[in-house]
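I opened this notebook to record how the parts of one protein chain meet. The entries follow the order in which I looked things up.

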Amino acid sequence: MNPATREKLMGVSVATLCSALFKRGLRNQTVQDVRPVQPKGRNMVGPAFTLRYMPAREDRNAMNVFRNPKHPQRLAIETCPDGHVLVMDSRKDPRAASAGDILITRLMMRGGAGVVTDGGFRDAMTIGGLDIPAYHHRPSSPTNLTLHEAIDINVPIGCGDVAVFPGDIMVGDDDSVIVIPAEIADEIADEAVEMTAYEDFVTERVKQGHTIIGLYPATDESNLTLFAAWRKVNGR
């Protein structure tokens with residue numbers, strides 16, 4: 001991932017990215033019903049590394065499958081590249097956990113940029129206290145084997161009704177998570193930075209008592225002149 005793009009995406013909101021993608025006709029990139037286990041006050045940014053779960057069948061998912069060093073869930077934790085976000089397709093089913101605190105701690109120690117599941121985490125309170133950003137639907141104590149079989153690593157998946165391809169750029173803030181197609185991530189980041197600057201200017205003007213008419217959007221050209229002056233003063 002372009003380091004400059006990563007830095008830009010660290011400073012913009014998922015809401016702003018939604019608007020930038022909407023302008024390109026991409027209306028369904030926000031992962032649905034997924035939220036931070038615990039807000040971090042900073043963004044999660046990184047390319048997607050994926051894990052796909054399928055419905056578990058009892059004869060294939062006894063506890064002893066974890067003894068296999070190539071078990072896909074364990075292998076995903078041990079092979080997710082540094083700086084990537086592990087994204088798990090749990091079929092939007094939080095009745096059994098996608099992972100627990102020991103695995104997420106290991107992912108963090110290996111340099112993972114974050115973890116996202118459309119299911120749930122066990123040991124969620126502990127995961128929330130880790131430094132790694134983590135997103136899920138809700139806490140879930142039962143082991144993943146109860147309902148999920150980890151079956152594929154780094155393949156296209158669905159997560160919270162969004163298509164996620166390996167290498168797509170994941171961005172999470174204290175509200176939600178969005179998926180940016182890898183091929184447009186650089187330009188989306190540039191546009192979002194510009195949008196954020198103008199929105200900060202607008203917020204300042206609104207707090208000073210100014211109307212949003214002609215300001216947001218900038219249909220009154222005089223506001224663009226004021227914005228240009230504001231950028232110079234604020235180094236934006």
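I began with the domain assignment (bounds from an automatic or database assignment), which gives domain 1 (1–181) and domain 2 (185–232). I note that this is a predicted model, in which local features need pLDDT of at least 70, side-chain atom pairs count only at pLDDT 80 or more, and totals for chains, interfaces and linings use all residues. Residues are numbered from 1 along each chain as its sequence is written, and side-chain values use heavy atoms, with hydrogens and water left out.

I looked up the centres of domain 1 and domain 2 over C-alpha atoms and found them 33 Å apart. To the contact (heavy atoms within 4.5 Å), domain 1 brings 16 residues and domain 2 brings twelve.

Next I took the buried area (accessible area, 1.4 Å probe, lost by two parts on being put together, summed over both). Domain 1 and domain 2 bury about 1200 Å² between them, with 62% of it on carbon and sulfur atoms. On the side of domain 1, Lys8, Thr16 and Arg24 lose the most area to domain 2, together 40% of what that side buries.

I then turned to salt bridges (a side-chain nitrogen of Lys or Arg within 4 Å of a carboxyl oxygen of Asp or Glu). The rule finds four across the interface of domain 1 and domain 2. I also recorded the salt bridge between the side chains of Arg24 and Glu191, at 2.7 Å from N to O.
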